[in-house]
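Here is a note to read beside the structure, written as numbered points. Please keep the sequence and the 3D view open while going through them.

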Amino acid sequence: MTVSLSDKIVFIPVQCVSVPYKILSLHWLNTRLLGLLSTSEQFHLMDVRTGDQLESLDITCARLVYQTQFFKSLATGGNVSPALSLAGEMAVYGSVTSFTNQMLMVGASSFHVLVIRSWTERLEHLLRSDKVISAMMLGLEFYEDPGRALVGLRGSRERKCNLISLRLVGILKKFLESALTTRFPVEGGMNTLTKYFNEIVPPCVDLCVKLDQIDLLFDTVWATFNQDPFSTAVYLECLEPYILSDQLTRLPTSIVQQFVTHYGARNKFEGLEACLTHLAVDCLDIHQAMSICQEHNLFDAIIYIYNNAMLDYITPVEKLLRVLATIKLSDEEVRLGNKLLVYVSQCLAGRAYPHGDIPRERVKQVKYDVYSTITILNARNSDAEENVSYPHLHALLMFDTQVRH
């Protein structure tokens with residue numbers, strides 16, 4: 001679409017979209033926003049570059065004035081074609097117009113103005129309605145796509161993100177001040193508290209992670225929700241998806257200790273093991289982590305801690321092979337044997353277990369150490385009468401890397 005303005009030609013690229021309604025009139029509000037009025041008197045606000053509908057509003061209460069009399073030409077005896085007369089039933093070109101960010105409409109007995117709120121006004125509207133969580137979620141939408149049609153937000157993408165982040169941090173801090181005081185449920189039992197914290201804690205954690213406000217997450221947010229056992233539990237469990245996606249790889253050791261204790265008490269050992277293998281080892285309480293891993297056979301985490309905390313790639317092989325040598329092979333031990341075979345394969349390929357890569361300067365030594373261990377002629381600490389040649393190779397040959405572990 002090309003619009004002539006004085007001696008300049010402004011070209012506005014418009015995304016081709018189809019809409020499930022008949023258009024009564026169309027109005028440019030600015031270079032990013034398009035207002036559509038449908039025949040059912042519904043106003044639709046569209047982003048012209050993406051084709052997304054940003055808002056819709058029922059304006060039937062305005063009772064728009066249509067141009068029926070003009071098109072029927074009553075002054076000349078109605079001497080018009082049936083087609084033109086029918087068009088008059090839907091013609092509103094003189095009743096609706098736009099001016100900057102406003103839509104002006106003439107009703108049967110009143111005059112109406114639709115004004116597009118700026119991004120800050122939209123947030124304030126939700127805050128005045130005490131919809132703080134909704135305001136934070138809307139603000140995150142602005143932050144993740146600052147190029148969308150936001151009124152009142154100008155400048156580079158970095159500047160827009162900084163302004164939005166600053167506003168959202170202010171909203172969050174103010175919300176935290178009342179989360180466990182004036183907003184706290186005064187009645188209800190465990191279910192009420194659990195429901196309340198499940199509604200407010202995840203958005204706060206999500207906001208901090210997406211805004212990269214990690215210090216705020218582990219300082220003010222943690223200090224607030226650590227005051228109640230229910231909110232503490234929800235907070236700790238909220239961290240899991242961000243740890244597994246490597247958005248959070250470093251946590252304060254004090255929080256990791258509570259995380260490990262909480263997951264152990266809830267018997268969430270699968271989730272605990274997965275999280276431990278994604279956390280930086282210098283954040284862990286090694287004694288606590290190894291104790292719970294050995295007690296509950298969290299072998300992936302045991303291997304990870306040996307490899308990364310102690311730079312030891314041999315002990316996991318020897319230790320787990322000794323475990324296999326002293327028991328009859330149940331389904332659990334077969335799973336362990338297959339897991340161990342994959343670990344050896346990863347080491348010999350220069351890959352870290354269960355994910356990632358071995359530091360380049362250590363690859364050669366790791367390959368040599370692991371190869372030497374599995375091809376050892378006689379196992380250490382074995383009884384003479386039970387001693388067989390190449391015991392580790394014999395043990396590994398019982399398993400299959402193709403079996404899922």
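What percentage of the 405 residues of the protein count as buried?

1. The model is a predicted one, and the question above has a plain reply, since 42% of the 405 residues count as buried. The protein has 16 helices and nine strands.

2. The crossing of helix 4 and helix 6 is left-handed. On the side of helix 4, the contact is made by Ile 133, Met 136, Leu 140, Tyr 143 and Glu 144, while helix 6 brings Glu 199, Ile 200, Pro 203, Cys 204, Asp 206, Leu 207 and Lys 210. Sorted by class, the contact of helix 4 with helix 6 has eight nonpolar residues and four charged ones, with no polar residues.

3. Lys 195 also belongs to helix 6, which covers residues 190-210. Is Lys 195 buried or exposed? With a relative accessible area of 54%, Lys 195 is exposed, because the cut-off for that word is over 50%. Between Lys 195 and Phe 230, which are 35 residues apart along the chain, the C-alpha atoms are separated by 9.8 Å.

4. Helix 7 (residues 214-225) and helix 8 (residues 229-244) pack at an angle of about 145 degrees, and their axes are 8 Å apart. Helix 7 contributes Leu 217, Phe 218, Val 221, Trp 222 and Phe 225 to the contact, and helix 8 contributes Ser 231, Thr 232, Tyr 235, Leu 236 and Leu 239. The residues of the contact of helix 7 with helix 8 divide into eight nonpolar and two polar, with no charged ones.

5. For helix 9 (residues 253-265) and helix 10 (residues 269-276), the packing angle is about 155 degrees, with the axes 8 Å apart. Since angles over 145 degrees count as roughly antiparallel, helix 9 is roughly antiparallel to helix 10. The contact is made by Phe 259, Val 260, Tyr 263 and Gly 264 of helix 9, together with Phe 269, Gly 271, Leu 272, Cys 275 and Leu 276 of helix 10. By class, the contact of helix 9 with helix 10 has seven nonpolar and two polar residues, and no charged ones.

6. Met 290 is found in helix 11 (residues 286-295). Its relative accessible area is 8%, so Met 290 is buried, the cut-off for that being under 20%. When its neighbours within four places in sequence are left aside, Met 290 is in contact with Ile 302, Ile 305 and Tyr 306. Of these, Ile 302 is twelve residues from Met 290 in sequence, and the two are 6.5 Å apart in space, C-alpha to C-alpha.

7. How many disulfides does the structure hold? The structure holds zero disulfides. Cys 238 is thus in no disulfide, and the nearest cysteine sulfur, that of Cys 204, is 9.3 Å away. Cys 238 is buried, with a relative accessible area of 13%, and Cys 293 is buried too, with a relative accessible area of 0%.

Note on methods. Residues are numbered from 1 along each chain as its sequence is written. This is a predicted model: local features need pLDDT of at least 70, side-chain atom pairs count only at pLDDT 80 or more; totals for chains, interfaces and linings use all residues. Side-chain values use heavy atoms; hydrogens and water are left out. Helices (H or I, at least four residues) and strands (E, at least two) are DSSP runs, numbered from the N terminus. Buried means under 20% relative accessible area, exposed over 50%, partly exposed in between (1.4 Å probe, protein chains only). A crossing is left-handed if the near helix is turned anticlockwise from the far one by less than a right angle, and right-handed if clockwise. Contact means heavy atoms within 4.5 Å. Ala, Val, Leu, Ile, Met, Phe, Trp, Tyr, Cys and Pro count as nonpolar, Asp, Glu, Lys and Arg as charged, and the others, Gly among them, as polar. A disulfide is a pair of cysteine sulfur atoms within 2.5 Å. Axes are lines fitted to C-alpha atoms, for helices over the stretch in contact, and angles run from 0 to 180 degrees between N-to-C directions. Angles under 35 degrees count as roughly parallel, over 145 as roughly antiparallel, 65 to 115 as roughly perpendicular and the rest as oblique.
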